[in-house]
Amino acid sequence: MTTNCAIALQNLRKEFDGVIAVDNFTVDIEKGEFFSLLGPSGCGKTTTLRMIAGLEAPSAGQILLEGKDVSDTPAYKRQVNTVFQDYALFPHMTVKKNIYFPLKMRKIPLASAEPEIARVLRLVNMEGFDNRLPQQLSGGQRQRIALARSLVNKPAALLLDEPLGALDFKLRVAMQKVLKDIQRDVGITFIYVTHDQSEAMTMSDRIAVMKDGIVHQIGSPNDIYNRPETAFVASFIGDMNFIYGQLISMNQAESTIAVEGQQIKARTPKSNVQKHENVLICVRTERVQVNSHQSLENALQAKLTRIVFRGTDYEATCQVGESEIRAVVAAVTWDHALNVGDRVEIGWSAQDVIVFPRQEEEQIIQYSVEAV
Ligand SMILES: Nc1ncnc2c1ncn2[C@@H]1O[C@H](COP(=O)(O)OP(=O)(O)OP(=O)(O)O)[C@@H](O)[C@H]1O
């Protein structure tokens, strides 16, 4: 653990009557880092956050805040504050009194707290709202007041549990920028829980991707997107094609894989995949080119079965034997002469192909229309 470590989790585990909510979570979160916990519902994000806050006792493992083991320290004595989705503002108190509340608990007189209250109101861009009641504010404004209240105590870290979950899409996106700017300005550590991958990608320095209590990968948004370490991470983030294949040969740099009677080249898998083994091939939809003029290492003969115009791009579905492969092509480069039923050549570079053992197929999260 470095001296710059704000929060360290060491083999953290939580079990609720036989259900393992969080298993063996180890990470060092740096001071000033924006760290997100990302995963589908029930993966253990909130439980992890509640253990850091001191609202839930770990079944095993340690939590260190700035190097000190706080596993047995009660919540109110930890240098962290939590912001929840439902704001938890006191409805009968004005904005100013809501923000003053944590300082009042520390017996700081209102007169000497005024400059600090003004500072955090300025920080969240809510000057002049001192005397409003929460019900006289919009959702985004309430969330900013909740944030101001949690910052007034100058905590070492802020824990945020889906803080933008109650806001509509446009306001959410606007608030993501506000939150990120505030975090940069105050320079404190943020631990941010979300199930929204784009939110985690745009705001975080690093992301822990979780499923069923297990941490699948911890890395920068770039790592997680371009170098997913499991098929689950590959499926949960971004738009991915999954294709069946069989490994023919491999060396350190590259492997050759049979797909629908044709051959393609891929990055050699990190995980333990053997020759002749059935594999799962992953290619991002935006990496697939249709009738490209460039010569690509991987080219497959396909039939165009569906074209969907989506504003800024086209999604083309192509059939290769039994496999369906989707390509997302920028509208400005789309060939308008193409029609459903056409024979096309689709392709991508070997560097764009990630390979996993076929068994990892079970981890893939697919969002079907029925589930929406
Ligand atoms: N107090 C509890 N008693 C029993 N089981 C619990 C309790 N709290 C959480 N769990 C279980 O632990 C697992 C993880 O829950 P958790 O709330 O941490 O998930 P999450 O990733 O935050 O989900 P969501 O996004 O839906 O809030 C789930 O299976 C949940 O049912």
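Biologist: How do the residues of the shell around the ligand divide into nonpolar, polar and charged?

Modeller: They divide into four nonpolar, seven polar and one charged. Keep in mind that this is a predicted model.

Biologist: Which residues are around the ligand?

Modeller: Go through them in sequence order. Phe16, Val19 and Ala21 are among them. The list also includes Gly39, Ser41, Gly42, Cys43, Gly44, Lys45, Thr46 and Thr47.

Biologist: Which helix or strand gives the most to the shell around the ligand?

Modeller: Helix H1 gives the most, with three residues. Strand E2 (19-30) and H1 (45-53) each supply at least two residues of that shell.

Biologist: Now the sheets. In what order do the six strands of the open sheet with mixed pairing stand?

Modeller: Read the order from one side to the other: E6-E7-E8-E3-E9-E10. This sheet is open, and its pairing is mixed. Strand E6 (80-84) and strand E10 (214-219) stand at the edges with a single partner strand each, so one side of each has no neighbour in the sheet. From one strand to the next, the twist averages 15°.

Biologist: How many bridges join strand E7 to strand E8, and do they run parallel or antiparallel?

Modeller: Strand E7 (residues 157-161) and strand E8 (residues 189-194) run parallel and are joined by five bridges.

Biologist: What is the order of the open sheet of five strands?

Modeller: The order is E15-E19-E16-E17-E18, and here the pairing is antiparallel. E15 and strand E18 (323-330) are at the edges; each has a single partner strand, so one side of each is left without a neighbour in the sheet.

Biologist: How many bridges does E19 share with E15, and how many with E16?

Modeller: Strand E15 (residues 289-290) pairs with strand E19 (residues 343-348) over two bridges, in the antiparallel sense. Val290 has Ile346 in E19 as its bridge partner. Strand E16 (residues 298-309) is joined to E19 by six bridges, again antiparallel. Along that pair, Lys303 stands opposite Arg343, and Gln301 stands opposite Glu345.

Biologist: Next, helix packing. At what angle do the axes of helix H2 and helix H4 cross?

Modeller: For two helices, look at the distance between the axes, the angle and the handedness. The axes of H2 (residues 95-105) and H4 (residues 139-151) come within 7 Å and cross at roughly 30°. Angles under 35 degrees count as roughly parallel, so H2 is roughly parallel to H4. Their crossing is right-handed.

Biologist: Which residues of H2 and H4 meet?

Modeller: From H2 they are Val95, Asn98, Ile99, Phe101 and Pro102; from H4 they are Ile145, Ala148 and Arg149. By class, this contact has six nonpolar residues, one polar and one charged.

Biologist: At what angle do H2 and helix H3 pack?

Modeller: H2 and H3 (residues 110-123) pack at about 115°, and their axes are 10 Å apart. H2 passes H3 in a right-handed crossing. On the H2 side the contact is made by Lys96, Ile99, Tyr100 and Leu103. On the H3 side it is made by Leu110, Ala113, Glu116, Ile117 and Val120. The classes in this contact are seven nonpolar, no polar and two charged.

Methods. Residues are numbered from 1 along each chain as its sequence is written. This is a predicted model: local features need pLDDT of at least 70, side-chain atom pairs count only at pLDDT 80 or more; totals for chains, interfaces and linings use all residues. Axes are lines fitted to C-alpha atoms, for helices over the stretch in contact, and angles run from 0 to 180 degrees between N-to-C directions. Helices (H or I, at least four residues) and strands (E, at least two) are DSSP runs, numbered from the N terminus. Angles under 35 degrees count as roughly parallel, over 145 as roughly antiparallel, 65 to 115 as roughly perpendicular and the rest as oblique. A crossing is left-handed if the near helix is turned anticlockwise from the far one by less than a right angle, and right-handed if clockwise. Two residues are in contact if their C-beta atoms, placed from the backbone, lie within 7 Å. Ala, Val, Leu, Ile, Met, Phe, Trp, Tyr, Cys and Pro count as nonpolar, Asp, Glu, Lys and Arg as charged, and the others, Gly among them, as polar. A residue is near a molecule or strand if its C-beta atom, placed from the backbone, lies within 6 Å of it. Two strands pair if DSSP finds at least two bridges between them.
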